[in-house]
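Welcome! Please take a moment with the sequence and the 3D view, and then let us walk through some details together.

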Amino acid sequence: MLTLENITKVFHAGTVNARTALDGVNLHLKKGEFVTLVGGNGSGKTSLLNTVSGGFLADGGRILLDGENITFLPEHKRARYIGRLFQDPMKGTAPNMTIAENLSLAYRQAGDRKFQIGIGKKQLAFFREQLAQLNLGLEDRMKTNMGLLSGGQRQAVTLLMATVCTPKLLMLDEHTAALDPATAEKILRLTEKIIKKEGLTALMVTHDIPSALALGSRTIMMKDGKIILDASGEERENLTVEKLIKLY
Amino acid sequence: MSMIAFTGAVELGLIFALLALGIFVAYRILGVPDLTVEGSFTAGAATGAVFVASGRPFIGIAAAMLTGSLAGLVSAFLQTKLRVQPILAGILTMTASYSVSLYIMGGRPNIPLFREETLFTLLGRLGGNERLWRMLLPLMIVLIVGAVLGVFFHTRLGLAVRATGDNEEMVRASSINTTFTKMTGLAIANAIAALCGALIAQYQGFADINMGFGMVVVALASLIIGEAIFGRRTVIWNIGAVTVGAVIYRLILALALSFRLNPANLRAISALIVAAAISYPAIKNWWTTNGLKRRERRTRC
């Protein structure tokens, strides 16, 4: 589904502050694969996600998504195929707009008209049904402004927004790191459930090694802009938290 | 305050409510305190006046709005594609538009319209009288613009524009082109500002190259007065609040003048209102922190 070919990215190139963030990364994600990505601070995890999402362009290499070359595609055009969640729960939603308005921004379909007024009854019913799945009682608060929800609730709605249109790729950048342990666990379960149900291809960055090994079917580790470990199947089953920490 | 001063203030307030709505779209919806509107206001007045002078006041209004939206597009282009800071982009466009407005007015710094057929004299001739239309026409236009804005900000595109001002990062992550939404928002804001300029020129009987000076602060003061009185709620509520705020601002001015306040002080007072309202949270915070410190000192000894 996603192929990275020899991706490089150097920040401040040509100055004394030059820093290689990505150093010839090659990666292939199969359709429906759920991959966890670990690595120390500054190892290149977020840079990798940003080159895929189009936050910045890679200096070299090629990115293919579902066979299409997206290396130079602008960020908003890629966003149609890529769902994203950030660490900061405030980043994923518009605080001064209602839950329903936020969802309708994310829920774009073929044949949408730009000047269609309001949100249709059919769409509201659909949003209600989707929100009910979160088990947070949000389906009865669709006219509430997003800014009034807790971090966990906001992250849950962001997750829904990122997946409501079934993206080709879901990228999660430490999306539970800012939440309390109980809420983080809940959001993680929800993430797993949605990925399984929709059969999504997903890439999840986490600093929580136990969940990196427990979730999904493959674990990748980065260091100094390179992939230094790519474990799946039996190799991954034999990995332990201690072994992984030694590699950091 | 005399009756004439009162109705005059309401009439001016209704026209300037348009400028406040333009600033509302730029500042409150998109989060950009767009100085371009000062330029668009003058350019709108200039364009409108030229058309009035050639006997086509209605087309003048449309042409003025087109001119304004072009200024907005230029400013948005600077902000998005060329990554100029929003304030500076506004200053640049406003400064350049001075030359454009002069060019539109054929090099003259002033176009008198006292003897021309304006919308007000035209409508007065068709029915009612001119005095009535000076109140009615601005009221009708403000209601139409307010209603169109209210509906627009609930369309898909309008929601996207609002979201851009609310959380740009999220919008970029959700397949909406923020360059396009900013262009749309600023084009609308400046078209409304230009409409205001065109109406003011016809109302007061002349267009002047310097008439836009300081208008952003005046519009911001109206916006803040409206919000202080009515609070911020839904978009439609806020549109109403800003409109009424602009009228109240003019009434306050008229009242101050009736007490023989020196008109030279008006701009300083407007700036003070805006500065005080915007810094209110910081001042309040400083005050409560100081209170806590004082209490702590007292309990210590």
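Arg295(B) is exposed, because its relative accessible area is 52% (buried means under 20% relative accessible area, exposed over 50%, and partly exposed in between, with a 1.4 Å probe and protein chains only). You will find Arg295(B) in helix α12 (residues 266-300) of chain B; helices (H or I, at least four residues) and strands (E, at least two) are DSSP runs, numbered from the N terminus. Together with Lys293(B), Arg294(B), Arg297(B) and Arg298(B), Arg295(B) gathers in a patch of positive charge on the surface.

Patches are made of residues with over 30% relative accessible area and no salt bridge, with like charges joined within 9 Å and nonpolar side chains (Val, Leu, Ile, Met, Phe, Trp, Tyr) within 5 Å. Lys and Arg count as positive and Asp and Glu as negative, while His and the chain ends are not counted. The place of a charge is taken as NZ of Lys, CZ of Arg, CG of Asp or CD of Glu. Accessible areas come from the Shrake-Rupley method with a 1.4 Å probe, and for residues only the protein chains shown count as cover.

## About the model

This is a predicted model, in which local features need pLDDT of at least 70 and side-chain atom pairs count only at pLDDT 80 or more, while totals for chains, interfaces and linings use all residues. Residues are numbered from 1 along each chain as its sequence is written, chains are lettered from A and ligands numbered from 1 in the order in which they are written, and side-chain values use heavy atoms, with hydrogens and water left out.

Lys284(B) is partly exposed, with a relative accessible area of 47%. Between the C-alpha atoms of Lys284(B) and Phe230(B), which are 54 residues apart along the chain, the separation is 20 Å.

The loop between α11 (235-258) and α12 of chain B holds Arg260(B). Arg260(B) has a phi near 65°, a positive value in a residue other than glycine, and it is exposed, with a relative accessible area of 77%. In chain A, Glu174(A) has a phi near 50°, again a positive value in a residue other than glycine. Glu174(A) sits in the loop between β7 (169-173) and α6 (181-198) of chain A, and counts as buried at 14% relative accessibility.

## A nonpolar patch

Which residues make the nonpolar surface patch of about 620 Å²? They are Leu132(B), Leu136(B), Leu139(B), Met140(B), Leu143(B), Ile144(B) and Val148(B). Leu132(B) is found in helix α6 (residues 130-152) of chain B, and its 46% relative accessibility makes it partly exposed.

## Salt bridges

A salt bridge is a side-chain nitrogen of Lys or Arg within 4 Å of a carboxyl oxygen of Asp or Glu. Over all chains, the count by this rule comes to 21 salt bridges. In chain A, Arg84(A) forms one with Glu75(A), where the closest N and O atoms are 3.0 Å apart, and both of these residues are buried. Arg84(A) and Glu75(A) also belong to a salt-bridge network that links them with Glu168(B), Arg172(B) and Lys182(B).

Arg162(B) forms a salt bridge with Glu101(A), the closest N and O atoms being 3.2 Å apart. This pair crosses between chains, from helix α7 (residues 156-166) of chain B to helix α3 (residues 99-106) of chain A. Both Arg162(B) and Glu101(A) are buried. In chain B, Arg131(B) and Glu11(B) form a salt bridge with the closest N and O atoms 3.5 Å apart. Arg131(B) lies in helix α6 and Glu11(B) in helix α1 (residues 3-29), so the pair ties together parts that are 120 residues apart in sequence. Arg131(B) is exposed at 52% relative accessible area, whereas Glu11(B) is buried at 2%.

## The sheet in chain A

Strands of a sheet pair through backbone hydrogen bonds, either parallel or antiparallel. In chain A, four strands form an open sheet in the order β2-β1-β4-β5, with antiparallel pairing. At its edges stand β2 (19-29) and β5 (68-69), each with a single partner strand, so one side of each is left without a neighbour in the sheet. Two strands pair if DSSP finds at least two bridges between them.

Strand β1 (residues 2-11) is joined to strand β4 (residues 60-65) of chain A by five bridges. Across from Glu5(A) stands Arg62(A) in β4(A), and across from Thr8(A) stands Gly60(A) in β4(A). Eight bridges pair β1(A) with β2(A) in the antiparallel sense, and Leu2(A) stands opposite Leu29(A) in β2(A).
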